[in-house]
Amino acid sequence: MQNYPIFVNLQNQPCLVVGAGPVALRKIRLMRSAGAKITVIAPEMCDDLEQEFINDIDYLQREFTDDDIHGYRLITAATSAPEVNQRVSELAQAANIPVNVVDQPELCSFITPSIVDRSPVVIAISTGGGAPVLARLLRAKLEALIPASYGKLASSMAAYRDKLKNKLPEERDRRLFWERVVQGPIAELFFSGRNQEANTVLEEELEALSTEQAKIGEVWLIGAGPGDPDLLTFRALRLMQQADVVLHDRLVSDEILNLTRRDADRIYVGKKRADHAVPQGQINQLLVDLAKEGKNVVRLKGGDPFIFGRGGEEIELLSSNNIPFQIVPGITAASGCATYAGIPLTHRDHSQSCLFVTGHLKDGTVDLNWPLLATPNQTVVIYMGLIGLPVICQKLISHGVSADMPIALIQQGTTLNQRTFTGTLSTIEAKVANEKVQAPTLIIIGSVVALQDKLAWFEPQDQPPTEIS
Ligand code: SAH
């Protein structure tokens with residue numbers, strides 16, 4: 001992070017604005033709405049500023065001099081004279097007073113973000129001063145997304161804070177209460193403008209609370225998709241942000257983990273092929289134990305939890321222990337990788353069905369239903385198949401599939417490290433031999449793979465798709 005975001009209390013604090021044109025006016029409006037006591041120094045003042053604020057500010061009608069710098073909490077320079085702006089910045093920084101020079105990030109010790117104001121909710125957006133247009137675009141999106149009534153909801157929550165603290169001494173219980181409020185009927189009442197009614201219901205719920213909260217937590221088995229955080233579902237994100245604990249494995253990227261609630265504990269239970277960091281039985285038991293401690297547990301899995309994800313096993317134990325759970329589907333690797341590589345899994349001219357199989361080695365052999373895999377007019381997707389690639393190609397050919405059948409290997413699909421290798425059953429092994437292909441890798445076999453030439457669209461960072469024909 002380039003800058004450290006903070007909100008500063010300026011109520012009755014002396015602040016200096018050097019300059020009195022339209023730009024200074026915009027800053028003064030914001031600072032006044034935050035309660036600042038403003039002194040303006042400028043030889044001339046624009047009409048709008050005069051009309052709007054002349055009775056609210058101390059106006060010193062003259063040029064800025066070096067001695068003016070002292071005694072302020074915050075300084076803003078908004079003059080059209082670069083040398084004055086520069087001087088104000090130097091003096092303020094020498095005196096350790098935070099200074100902002102409008103539109104000159106290099107002279108600033110703090111920058112002012114774009115804001116969405118739903119006071120007391122204020123959302124600040126910054127691009128580090130480098131892309132204000134983008135910040136404004138994001139702001140416009142948020143303005144449209146966040147109902148004006150959020151401010152009312154926040155004020156009401158603030159008003160009942162102490163009362164709730166008395167009722168529920170545990171921080172976690174209070175958080176669960178508020179989470180119910182902001183996602184339930186009370187928030188809806190605020191959003192529809194029925195503030196009085198909303199407050200009444202909130203008060204009733206507070207009265208009805210006993211300190212004996214249900215102590216059992218929930219487990220949310222969540223599919224995190226194949227890698228690109230944009231492919232998470234809204235539901236996944238919402239639950240991830242309510243987690244007390246997150247259990248994750250190797251396939252879940254840091255980018256996605258960073259979207260879980262910041263205070264949540266993270267437990268790595270990673271799995272590599274043939275190397276289970278935490279045995280499956282222990283993971284299942286851990287989920288049960290954590291929920292019994294009253295925690296909301298997010299179990300994050302790559303792709304979809306019910307596709308080669310052992311989701312079923314983890315849920316069985318929860319179910320037999322009467323632990324409440326939810327399951328959130330994710331985009332499975334087959335779908336994510338195929339789409340990002342430009343390979344349609346079905347196509348009217350090529351393939352009328354699609355088979356998902358695992359190529360996991362069992363006793364050193366790939367134990368698959370070869371005649372089924374060799375059926376014409378279908379696409380075969382093989383998960384965990386990298387090690388078995390040579391055997392898979394040989395077996396398919398020996399079961400009647402053409403040695404020229406197209407095949408693709410997609411490494412780390414949907415991420416910025418995605419690499420796509422294409423070839424045929426007879427050529428692919430030699431073609432990737434020196435490529436240091438890394439897990440996770442998905443194999444797609446079928447004539448649809450040839451469409452990739454025309455349909456590839458995703459350009460991972462620094463790594464254009466490797467052309468192997
Ligand atoms: N539940 C997961 C699959 C877990 S099995 C899902 O629905 O996607 C692990 C295998 O999935 C890996 O060996 C690899 O074959 C495949 N896989 C998962 N993510 C992948 C990715 N981003 N790129 C390529 N293959 C991936």
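Me: In what sense do strand β1 and β4 pair, and over how many bridges?
Reply: Strand β1 (residues 14-18) and β4 pair in the parallel sense, over four bridges; pairing requires that DSSP find at least two bridges between two strands. Strands here are DSSP runs (E, at least two residues), and helices are runs of H or I with at least four residues, numbered from the N terminus. The model is predicted: local features need pLDDT of at least 70, side-chain atom pairs count only at pLDDT 80 or more, and totals for chains, interfaces and linings use all residues. Residues are numbered from 1 along each chain as its sequence is written, and side-chain values use heavy atoms, with hydrogens and water left out.

Me: Which residue of β4 is the bridge partner of C15?
Reply: The partner of C15 is L74.

Me: And what does β4 do with β5?
Reply: β4 and strand β5 (residues 99-101) pair in the parallel sense over three bridges. N100 in β5 is the bridge partner of T76. Between β4 and β5 the chain passes through helix α3 (residues 82-94), a right-handed β-α-β crossover; with the strands pointing away from the viewer, the path from the first strand over the helix to the second runs clockwise.

Me: Are the β4 residues buried or exposed?
Reply: L74, I75, T76 and A77 are all buried, meaning under 20% relative accessible area with a 1.4 Å probe, protein chains only. L74 and T76 point one way from β4, I75 and A77 the other way.

Me: Changing topic, how many helices and strands does the protein chain have?
Reply: The protein chain has 18 helices and 21 strands.

Technical notes:
Buried means under 20% relative accessible area, exposed over 50%, partly exposed in between (1.4 Å probe, protein chains only).
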